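Colleague: I would like a close look at one residue and its surroundings. Please take the side chain to begin with, then the strands, then the confidence.

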Amino acid sequence: MPLVRALLFVLSVAIATTSALSAAESAGGMSWTMPAGWKTMPDRPMRAASYVVSPIAPDTAASDCVVYFFGRGQGGSVADNIERWRNQVLGADGKTAPAKVDKRQNGGLTITRVDSTGSYTGMGGPMATTARPVPGYRLLGAIVEGPGGNVFVKFTGPAKTVAANQPAFDQLLASFQPSK
């Protein structure tokens with residue numbers, strides 16, 4: 001029996017170590033650095049990392065930035081994801097809000113970005129049964145094309161809080177680099 005307990009202990013340490021490694025800020029053959037002042041959220045399915053950003057007055061709701069990695073060739077095309085994110089933000093007329101989309105290079109990585117403000121319908125994710133638009137939100141999204149597949153970065157929250165944290169979001173994207 002002591003041998004079984006010892007083996008279970010070793011196994012639990014190995015599992016804990018593996019969990020800690022999978023929670024590291026890396027995925028798809030890339031690594032990145034969480035911006036100062038942001039806080040890590042607990043692990044959740046399908047997420048490589050999740051961050052919470054405290055609200056800036058007069059906003060009362062926190063914002064979140066989620067980094068997704070589904071595997072090489074998984075998660076859909078860059079264009080499909082940009083379009084899906086664009087459609088999650090509505091203008092005052094109830095139609096898709098205008099969005100700025102651009103593409104840039106960073107350290108040999110291609111990053112496609114989207115920026116849109118309006119009523120956000122993406123609350124609750126793809127499994128949500130109802131989408132109640134939340135007015136006054138902003139979505140900053142980016143798809144980083146890496147050596148091991150695309151990494152999807154989505155930052156959403158009240159517009160003022162997201163605007164105040166846009167430099168931190170830009171810093172996050174600039175920190176992406178191929179893992180060594």
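Modeller: Start with the side chain of Thr 110. It makes a polar contact with the side chain of Gln 105, at 2.7 Å. Bear in mind that this is a predicted model.

Is Thr 110 buried or exposed? Its relative accessible area is 17%, under the 20% cut-off, so Thr 110 counts as buried.

Now the strands. Thr 110 sits in β8, which covers residues 109-120. β8 pairs with β9, residues 134-146, in the antiparallel sense. That pairing runs over ten bridges. Within it, Val 114 stands opposite Gly 141 of β9.

β9 has another partner, β10, residues 149-158. This pairing is antiparallel too, over ten bridges. Here Ala 142 stands opposite Val 153 of β10. A hairpin of two residues links β9 to β10.

Last, the confidence. Among the elements of the chain, β8 has the highest mean pLDDT, 97. Helix α1, residues 2-22, has the lowest, 34. Over residues 1-24 the pLDDT is below 50. Beyond near neighbours in sequence, that stretch has four contacts in the model. For the chain, the mean pLDDT is 83, and 82% of residues reach 70 or more.

Definitions and conventions. Residues numbered from 1 in each chain as written. Predicted model: local features only at pLDDT ≥ 70, side-chain atom pairs only at ≥ 80, totals over all residues. Heavy atoms only, no water. Helix = DSSP H or I, 4+ residues; strand = E, 2+ residues; numbered from the N terminus. Buried < 20%, exposed > 50% of the residue type's maximum accessible area, 1.4 Å probe, protein only. Polar contact = N/O pair within 3.5 Å; in protein donor to acceptor, adjacent residues only side chain to side chain. pLDDT = per-residue confidence, 0-100. Contact = heavy atoms within 4.5 Å. Pairing = 2+ DSSP bridges.
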